[in-house]
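This report covers the pockets and the sheets of one protein model. The sequence and structure come first, followed by the account.

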Amino acid sequence: MKIIMTGRQMNVYESTKEMAEKKLAKFDKFFDENAEMTVCFSRRHDKEMVEITIRAGGLLFRGEDGGETFANAIDAAVDSLERQIRKNKTRIEKQTKGTGVHVDSFDSVDDDEDEFRIHTKSFSVKPMSAEEAILQMNLLGHSFFVFSDDVTGDTCVVYKRKDGEYGLIVPTK
C-alpha cells in the first residue's frame, strides 16, 4: 500500500513518520498494493490531530482523531478505521469483490442486517445562492441544506463543518 504523509501548516519529523508507518502496517494485510493511504498531521486547540484516509476498491475509509501526542492520535484513528471496517464487513465484501480489499481477516461485529434502514423525505428544491441556502439552513437549525444553484441549476448541498465554517458540495459534470 502506498502511504503519503503530510503536515498541515507544520513539518512532520522522520521519527513521527516512521512511528506512523509501523502502526499503519497492520492495514497491509487488508489492502493490496494499489490502495493509497493519506495521513495528515496537524495541531488544533493544543491537540495533535491525525487524519487517515484509505482509497481502495472504489471505497473511501476515513478516520480522524486527536490526542496529547501523535502516537495516541494515530492509535485512536486506526481503532476508528478498524471499527468501521468490522461494522460494515458484509457490505464492503459485496461492493469490493475482486478489487484488492481483503476484509475476511476482520471478524464481523453486529452485522446482522444486510441493508441500511433508509428514511425518505421529499421536499421542493428552490433556486437560490449558497449564501441564501446557508441562511435557510441556519433558520431551520439543520446541519446541511439541499438547494438548486440559481446560476447553474445544479443540485448542491451546503453544510456546517466541525470547525464552524461552511462547506459546499457541487456535482461535477
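## Pockets

On a 1 Å grid over the protein atoms alone, a pocket is an open set of points where a 1.4 Å probe fits, with protein on both sides within 12 Å along at least five of seven lines; lining residues have an atom within 4 Å of a point. Grid points are joined across faces, edges and corners, and a volume is the space filled by probe spheres set on them. The model is predicted: local features need pLDDT of at least 70 and side-chain atom pairs pLDDT 80 or more, while totals for chains, interfaces and linings use all residues. Residues are numbered from 1 along each chain as its sequence is written, and side-chain values use heavy atoms, without hydrogens and water.

The second largest pocket, of about 270 Å³, is lined by Lys121, Phe123, Ser124, Val125, Lys126, Met128, Leu140, His142, Phe144, Phe145 and Val146. Its lining has seven nonpolar, two polar and two charged residues (Ala, Val, Leu, Ile, Met, Phe, Trp, Tyr, Cys and Pro count as nonpolar, Asp, Glu, Lys and Arg as charged, the others, Gly among them, as polar). Strand E6 (residues 144–149) gives the largest share of this lining, three residues. Helices (H or I, at least four residues) and strands (E, at least two) are DSSP runs numbered from the N terminus.

The largest pocket has a volume of about 350 Å³.

## Sheet E1-E2-E3-E4

Four strands form an open sheet in the order E1-E2-E3-E4, with mixed pairing (two strands pair if DSSP finds at least two bridges between them). E1 and strand E4 (59–67) are at the edges with a single partner strand each, so one side of each has no neighbour in the sheet. From one strand to the next the twist averages 15°. Helix H2 (residues 70–87) packs on the sheet and touches E2, E3 and E4, its direction making about 145° with that of E4. Contact means heavy atoms within 4.5 Å; axes are lines fitted to C-alpha atoms, for helices over the stretch in contact, and angles run from 0 to 180 degrees between N-to-C directions.

Strands E1 (residues 2–7) and E2 (residues 36–44) run parallel and are joined by six bridges; lysine 2 has glutamate 36 in E2 as its bridge partner. Between E1 and E2 the chain passes through helix H1 (residues 14–24) in a left-handed β-α-β crossover (right-handed would be a path running clockwise from the first strand over the helix to the second, with the strands pointing away from the viewer). E2 pairs with strand E3 (residues 47–56) in the antiparallel sense over nine bridges, and methionine 37 is partnered by isoleucine 54. In the hairpin of E2 and E3, with two residues between the strands, histidine 45 takes a positive phi near 50°.

## Sheet E5-E6-E7-E8

The open sheet in the order E5-E6-E7-E8 has four strands and mixed pairing. Its edge strands, E5 (127–128) and E8 (166–169), each pair on one side only. Five bridges join E6 to strand E7 (residues 155–160) in the antiparallel sense, and phenylalanine 145 stands opposite valine 158 in E7. Helix H4 (residues 130–140) packs on this sheet, touching E5, E6, E7 and E8, and its direction makes about 150° with that of E6.
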